[in-house]
Amino acid sequence: MVETIYQRCDRLIAENDELREQVIQLRSALMGGEERCPIRGLAPIESRILRLIAARKTGASRSMIFEVVYLARPDTDIPETNIISVHVGKIRKKLAGSGISIETVWGWGYRLSPESRDRLREMEEVPA
């Protein structure tokens, strides 16, 4: 049987909905479940980006960060992908002197050293 254009559209819409749900689930898993309070001094989106970078020893690629932060939010306009570099620059300025430094992995993304991840964990444990 040959798939009609309408059947194909319906199938693609269903696949898109399924993929969107998977992105939401991945975002939730990467963010540790429910949205957490932002790290003191950081905007909520900056806090999410920093947590994504810290979540894995190898760090996070720019595309991973972009997908987790922006593509699961259908209610917003999707910005240019270089917005991640802008956010990381702001995070670096706000964290200057805190003992946390974000390292650039050229051509891929960002990571934290083990010392920076430990320091971030300490910052999160201190009550505001």
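Visitor: Which residue just after H4 takes a positive phi of about 85°?
Guide: First, this is a predicted model, where local features need pLDDT of at least 70 and side-chain atom pairs count only at pLDDT 80 or more, while totals for chains, interfaces and linings use all residues. Residues are numbered from 1 along each chain as its sequence is written, and side-chain values use heavy atoms, leaving out hydrogens and water. Helices (H or I, at least four residues) and strands (E, at least two) are DSSP runs, numbered from the N terminus. Just after H4, the residue with that phi is Gly 97.

Visitor: How many Å does H4 reach from its first C-alpha to its last?
Guide: Helix H4 covers residues 83-95, which makes 13 residues. The expected span is 1.5 Å times one less than the number of residues. For H4 that expectation is 18 Å, and the helix comes close to it, reaching 18 Å.

Visitor: Is Tyr 70 buried or exposed?
Guide: You'll find Tyr 70 in helix H3, residues 62-71. Its relative accessible area is 8%, so Tyr 70 is buried.

Visitor: With which residue's side chain does the side chain of Tyr 70 make a polar contact?
Guide: Leaving aside residues up to four places away in sequence, Tyr 70 touches Ile 45, Pro 79, Ile 83, Ile 84 and His 87, where contact means heavy atoms within 4.5 Å. A polar contact is a pair of N or O atoms within 3.5 Å; within protein, one must be able to donate a hydrogen and the other to accept it, and residues adjacent in sequence count only if both atoms are side-chain atoms. At 2.9 Å, the partner is His 87.

Visitor: Which strands stand at the edges of the sheet?
Guide: Two strands pair if DSSP finds at least two bridges between them. The open sheet has 3 strands in the order S1-S3-S2, paired antiparallel. One side of each edge strand has no neighbour in the sheet, because each has a single partner strand; the edges are S1 and S2.

Visitor: Which residue in S3 does Glu 103 stand opposite?
Guide: Strands S2 (residues 102-105) and S3 (residues 109-112) run antiparallel, joined by 4 bridges. Opposite Glu 103 stands Arg 111.

Notes:
Buried < 20%, exposed > 50% of the residue type's maximum accessible area, 1.4 Å probe, protein only.
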